[in-house]
Amino acid sequence: MPYVIGSACIDVNDKACVDECPVDCIYEGDRKSYINPRECIDCGACMAVCPVEAIAQDFRISPEEMVFVDDNRTFFDEVLTGRSEPIGTPGGAATVGRVGVDTPLVADWPRA
Amino acid sequence: MHTDVLIVGAGPVGLYGAYYAGVRGLRTVVIDSLEEPGGQVAAMYPEKPIYDIAGFPSVTGRQLIDGLLEQAGNFDPMLVLNDVAESVKRSTDGLIIQTAQGRTVTTSAVVIAGGIGKFTPRPLPAVADYIGHGAAFFVPHLEAHRGNDVVIVGGGDSAFDWALALNEIAASTTLVHRRAKFTAHAATIQAVQRAGVRIVTDAEVVRGNGSPRLESIDIMTKDGNVSTIPCTSLVAALGFLADLGPVRAWGLELHDNRHITVDSRMQTSVERIFAAGDIVDYPGKVRLISVGFGEIATAINNAAILIDPSASLFPGHSTDAAVPVAV
């Protein structure tokens, strides 16, 4: 159900979506941002403002972008490099600030 | 004030709860932090058609809320808007709720239908000092802006709706949006353009001028150019931020720090406090308005037997003559 940020965000990371999200559930990694799937309320406000159309609903995402459905979850549920515990559900990105780390998939994503 | 049931949240689920509490003959107070009933539906997408309300192939948010208000209104629930249920305390036979505006509500039961939480308008820091002195988040009365130099900030439906309405009576109307792309409906955007509203895109309000009232604002475009435009009324229509709000401190068991855990009666971990709709969680929870309608009927009927243990859980069918009908 939640919205998912895909590969088009990588190295663009415009963050227009962060300003729109009414529940502050878009967290900034390093090369891209990630939507917290357990905090997203499915309103779609982020999708409308993304300048690179990187955002889609998880069940409407293109097959090649499907990997980001799990990857957005990984960002919150797994322990990222240099951190001692998963981000989990802090209840708002502002409480965490810029995370500055990506998932392995995004960190290793080829640069354009 | 005293009531049988206090419903927290005047969104679709809370309003339907007010109807159902009326059916059960319970006195009802509904409290909401927004200035208008309808919750998320009214605040975020009043004109968006909804297709999954039983019996309505297509209904706009506004139509749905109007219908729910009419349905509940037959039982005269008390609607307390622009106020927040702040804290809860136990009394010998019920609960005492203190509100942010200083009201005290004693009630036998509380049903939290708070959706995604308490809404607060997204702030516009550059004019924070002018809120109430020329700057506002809402337009409750168009007439207050007559003859003013109006600036509306934002690119969504509210911004465009207000621009269209205020342009009729303002000395000048300018819409400022920090991006080139709008999220409002295309038809509304066209209407605003046709009406001759000045639209400035890729621009941010960086400063308000005037003392104590707002007289002008400085806006900065993407290229760094700053210009001053006259502004005696500013409306910041930047959307809302939602947060679980004071309910977080009520000692209720939460799931994922965001949703209230309930059992099959919609009872929370605290006696006399029930919850329904998007705010609750249990295994298999589906967050849809239609599910919330069922949940709050369950919550109210279970609250009814808590309040009067001799009452039956089943309220009867609304088609039965013995069930109170709309007067």
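Tutor: Let us begin with α1(B), which is mostly covered: twelve of its twelve residues are buried. Please keep in mind that this is a predicted model.

Student: Which are the buried residues of α1(B)?

Tutor: They are B:P12, B:V13, B:G14, B:L15, B:Y16, B:G17, B:A18, B:Y19, B:Y20, B:A21, B:G22 and B:V23.

Student: And what covers the buried residues of α1(B)?

Tutor: The covering elements include the strands β1 (2–8), β2 (28–31) and β5 (78–80) of chain B, together with the helices α2 (39–44), α3 and α6 (289–307) of that chain.

Student: How far does helix α1 of chain B reach from its first C-alpha to its last?

Tutor: The helix spans residues 12–23 and reaches 17 Å, close to the 16 Å expected at 1.5 Å a residue. After α1(B) comes B:G25, which has a positive phi, near 75°.

Student: Next, B:L69. Where does it lie?

Tutor: B:L69 is part of helix α3 of chain B, which covers residues 61–73.

Student: Why does B:L69 count as partly exposed?

Tutor: Because its relative accessibility is 29%, and the partly exposed class runs between the 20% limit for buried and the 50% limit for exposed.

Student: What is B:L69 in contact with, leaving aside neighbours within four places in sequence?

Tutor: B:L69 is in contact with B:L15, B:P37 and B:L79. Of these, B:L15 is one of the buried residues of α1(B). As for B:A311, 242 residues away along the chain, its C-alpha atom is separated from that of B:L69 by 27 Å.

Student: Changing topic to the interface: how many residues of chain A and chain B are in contact?

Tutor: Chain A contributes 18 residues and chain B 16. The area buried between the two chains is about 1600 Å², and carbon and sulfur atoms give 44% of that area. A:D19, A:P22 and A:R38 supply 29% of what chain A buries against chain B, more than any other three residues.

Student: How many salt bridges are there between chain A and chain B?

Tutor: The count is five. One of them joins A:D19 to B:R178, with the closest N and O atoms 3.1 Å apart. There are also eleven residue pairs in polar contact across the interface.

Student: Which elements give two or more residues to the side of chain A that touches chain B?

Tutor: They are α1 (16–20) and α2 (45–49) of chain A. The most comes from α1(A), with four residues. The residues on that side of chain A divide into eleven nonpolar, two polar and five charged.

Notes
Residues are numbered from 1 along each chain as its sequence is written. Chains are lettered from A and ligands numbered from 1 in the order in which they are written. This is a predicted model: local features need pLDDT of at least 70, side-chain atom pairs count only at pLDDT 80 or more; totals for chains, interfaces and linings use all residues. Side-chain values use heavy atoms; hydrogens and water are left out. Contact means heavy atoms within 4.5 Å. Buried area is the accessible area (1.4 Å probe) that two parts lose on being put together, summed over both. A salt bridge is a side-chain nitrogen of Lys or Arg within 4 Å of a carboxyl oxygen of Asp or Glu. A polar contact is a pair of N or O atoms within 3.5 Å; within protein, one must be able to donate a hydrogen and the other to accept it, and residues adjacent in sequence count only if both atoms are side-chain atoms. Ala, Val, Leu, Ile, Met, Phe, Trp, Tyr, Cys and Pro count as nonpolar, Asp, Glu, Lys and Arg as charged, and the others, Gly among them, as polar. Buried means under 20% relative accessible area, exposed over 50%, partly exposed in between (1.4 Å probe, protein chains only). The expected span of a helix is 1.5 Å times one less than its number of residues.
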